[in-house]
Amino acid sequence: MTDVSRLPGAAHHHWQWQLRAACRNLGPGRFYHPAGERGEEREGRDEAAKRVCAVCPVRAACLEHALRTREPFGVWGGLTEEERRPLLEPAAGHRTAAARASAGHT
């Protein structure tokens with residue numbers, strides 16, 4: 001069963017940022033890898049997703065959401081799940097996701 005305890009709730013304003021996302025109409029295939037995808041194929045898909053994120057007007061909000069909810073899969077805010085993992089470690093807790101994003105983590 002999916003753990004939804006970290007989701008911000010049903011209030012419309014929590015999700016409003018998604019309406020302006022560059023990925024809104026692109027579907028999930030570019031942002032979530034299929035089971036067993038490895039190597040160059042996965043890297044290519046991740047890079048294509050990151051190109052979309054690079055021009056997204058809500059990239060920081062997306063990354064904040066992914067970190068707050070501990071999104072386990074996919075590219076969110078320009079970072080893969082592997083790239084987000086170190087940002088969730090206790091030592092990274094004093095910096096905001098927006099600060100980390102602006103520091104060049106793309």
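**Exercise 1.** Does cysteine 23 count as buried, partly exposed or exposed, and what is its relative accessibility?

*Solution.* Start with the cut-offs: buried means under 20% relative accessible area, exposed over 50%, and partly exposed in between (1.4 Å probe, protein chains only). Cysteine 23 has 31% relative accessibility, so it counts as partly exposed.

Two notes apply to every exercise. This is a predicted model: local features need pLDDT of at least 70, side-chain atom pairs count only at pLDDT 80 or more, and totals for chains, interfaces and linings use all residues. Residues are numbered from 1 along each chain as its sequence is written, and side-chain values use heavy atoms, with hydrogens and water left out.

**Exercise 2.** Find how many disulfides the whole structure holds.

*Solution.* A disulfide is a pair of cysteine sulfur atoms within 2.5 Å. The search of the whole structure returns zero. Check cysteine 23: the nearest cysteine sulfur belongs to cysteine 56, 6.1 Å away. Then check cysteine 62: the nearest cysteine sulfur is that of cysteine 53, 6.1 Å away. Cysteine 62 is buried, at a relative accessible area of 13%.

**Exercise 3.** List the buried residues of H1 and say what covers them.

*Solution.* The buried residues are Arg42, Arg45, Asp46, Ala48, Ala49, Lys50, Val52 and Cys53. Their cover includes helix H2 (59–68) and helix H3 (81–84). For the chain as a whole, 33% of the 106 residues count as buried.

**Exercise 4.** Which residues form the largest nonpolar core?

*Solution.* A nonpolar core is a set of buried Ala, Val, Leu, Ile, Met, Phe, Trp, Tyr and Cys residues joined through side-chain atoms within 4.5 Å. The largest has seven: Trp17, Ala21, Cys56, Val58, Cys62, Ala66 and Trp76. Next, look at alanine 21. Leaving aside neighbours within four places in sequence, alanine 21 is in contact (heavy atoms within 4.5 Å) with Cys56 and Val58. A second, separate core has five residues, including Ala49, Val52, Cys53 and Val75.

Notes
Helices (H or I, at least four residues) and strands (E, at least two) are DSSP runs, numbered from the N terminus.
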